[in-house]
Amino acid sequence: MATSGILSTGSAYPDGILTNADLAQMVDTSDEWILTRTGIRQRHKASPEEYTSLFAIAAANKALERAGIKASDLDLVICATVTPDQLLPATGCLVQAAIGANKAAAFDIAAACSGFIYGLTLANQMIRGGQARYVLVIGAETLTRYVDYQDRSTCVIFGDGAGAAIIGPVEEPRGILSTRISSDGRLAEQLFAKGGGSRYGTTGETISAGMHYFKMRGNELFKIAVRSMVEVSRAVLQEAGYNPSDISLFVPHQANQRITDSVAEKLEVEPARVFSNIAMHGNTSSASIPIALDECVGSGQIKQGDLILMASFGGGVTWGAALLRW
């Protein structure tokens with residue numbers, strides 16, 4: 001059975017920046033209010049001419065170049081997104097065509113902020129099962145298209161961008177040691193957007209009612225997110241035979257700095273071993289963890305042999321964690 005690991009990473013995001021001061025001109029908020037409650041100072045915002053696959057393609061090409069493999073070597077392209085270019089075909093197929101991964105299967109995953117962990121789990125199983133050798137996993141979002149700039153509880157949170165990783169064979173002790181994914185659809189009303197699907201459609205009425213915008217019950221979601229991320233993190237650590245004290249770096253989904261702090265505290269991982277870039281990017285949903293990984297690799301915060309824990313939580317609700325030896 002093959003052992004798989006992350007061979008390389010890449011990231012991309014719009015040049016456009018939306019600061020807290022900019023938002024204060026649009027909605028009843030302030031830099032202090034946003035920073036205190038979320039830890040966010042700014043977020044990247046796509047221009048009207050930009051869309052999800054553009055960032056996904058750029059991130060994918062960087063990851064391919066760094067891995068030293070060709071797109072034609074890929075067996076599978078998994079794109080995690082809740083903001084696809086269009087309803088059909090999958091954004092993963094559009095990325096596949098653009099990068100020239102002509103022999104790969106391609107599809108999308110809609111697991112919100114847990115999408116990258118879901119994709120990593122699938123890629124690992126495909127490689128371990130012998131059905132793939134190289135898999136491209138992307139998290140890509142243009143979330144600012146779906147926020148109501150009259151709703152300060154959501155418009156201050158989300159940003160745009162993409163992160164990608166090449167998953168392929170590695171020699172032990174490197175590799176993905178354990179992954180867990182889970183969901184609870186009974187909590188769907190905690191974070192949702194009802195418009196645009198087959199149930200409500202896209203009409204003048206749904207658009208005027210703002211049904212295509214994200215809606216969130218933040219206080220309830222906070223508690224569920226902390227509990228779920230802690231439990232799933234402990235599960236992957238236990239399965240692999242490690243303790244939180246063994247972790248070199250904890251890379252959580254960048255949802256809210258207070259969530260990150262609470263999870264790290266309950267896991268007893270000190271701040272020096274917890275990565276956070278939410279101040280500069282906001283919440284980029286499925287792109288959050290791969291962007292963070294790429295920044296950690298680029299800055300030297302992740303080195304070969306490090307034990308890396310990743311954990312996420314998102315709408316659905318979904319959650320997951322992965323433990324790997326870099």
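Modeller: Leaving aside residues up to four places away in sequence, Arg 128 touches Met 1 and Ala 2. This is a predicted model, so read every value here as computed. Find Arg 128 in helix α5. That helix covers residues 115-128. Is Arg 128 buried, exposed or partly exposed? Its relative accessibility is 29%, so Arg 128 counts as partly exposed. The cut-offs explain the label, because buried means under 20% and exposed means over 50%. Now pick a residue elsewhere in the chain. Gly 68 is 60 residues from Arg 128 in sequence. In space, their C-alpha atoms are 21 Å apart.

Ala 112 is not a glycine, yet its phi is positive, at about 55°. Its relative accessibility is 11%, so Ala 112 counts as buried.

What is the phi of Ser 285? It is near 55°, a positive value in a residue other than glycine. Ser 285 also lies in a loop, between α10 (278-281) and α11 (288-299). With 3% relative accessibility, Ser 285 counts as buried.

Two peptide bonds deserve a stop as well. The bond from Leu 88 to Pro 89 is cis, with omega near 0°. Look for Pro 89 in the loop between β4 (76-80) and α4 (91-99). The other bond joins Gly 316 and Val 317. It is cis too, and its omega is about -10°. Val 317 belongs to the loop between β12 and β13.

Follow β13 onward and you reach Trp 326. This residue is in the segment after β13 (318-325). Which side of the cut-off does Trp 326 fall on, buried or exposed? Its relative accessible area is 11%, so Trp 326 is buried. Its contacts, again without residues up to four places away, come from several parts of the chain. Among them are Ile 6, Thr 9, Arg 174 and Leu 293. The list also includes Gln 304, Gly 305, Asp 306 and Ile 308. Gly 218 is another story: its C-alpha atom is 34 Å from that of Trp 326. Along the chain, these two are 108 residues apart.

Gly 218 leads us to a pocket. It is one of the residues nearest the centre of the second largest pocket, with Ile 157, Met 216, Asn 219 and Asn 256. In total, 25 residues line this pocket. Which element gives the most? It is α8, with 6 residues. The pocket has a volume of about 500 Å³. By class, its lining divides into 14 nonpolar, 9 polar and 2 charged residues.

Now turn to the largest pocket. Its volume is about 1,100 Å³. The lining has 40 residues, and Val 82, Phe 192, Ala 193, Gly 195 and Phe 214 are the closest to the centre. Here β9 (191-192) and α7 (204-208) are the elements that give two or more residues. The lining holds 21 nonpolar, 14 polar and 5 charged residues.

Last, zoom out to the whole protein. How many helices and strands does it have? There are 11 helices and 13 strands. The C-alpha trace spans about 55 × 45 × 35 Å along its principal axes. Its radius of gyration is 19 Å. A compact globule of 326 residues would have a value near 20 Å, so the two agree. Of these residues, 54% count as buried. The accessible surface comes to about 13,800 Å², and carbon and sulfur atoms hold 49% of it. Residues 24 or more positions apart account for 77% of them.

Methods. Residues numbered from 1 in each chain as written. Predicted model: local features only at pLDDT ≥ 70, side-chain atom pairs only at ≥ 80, totals over all residues. Heavy atoms only, no water. Helix = DSSP H or I, 4+ residues; strand = E, 2+ residues; numbered from the N terminus. Buried < 20%, exposed > 50% of the residue type's maximum accessible area, 1.4 Å probe, protein only. Contact = heavy atoms within 4.5 Å. 1 Å grid on protein atoms, 1.4 Å probe; cavity = no way out; pocket = protein on both sides within 12 Å on 5 of 7 lines; lining within 4 Å. Points joined across faces, edges and corners; volume = space filled by probe spheres on them. Nonpolar A, V, L, I, M, F, W, Y, C, P; charged D, E, K, R; others polar. Rg over C-alpha atoms; globule rule 2.2 N^0.38 Å. Areas by Shrake-Rupley, 256 points an atom, 1.4 Å probe, with all protein chains shown as cover.
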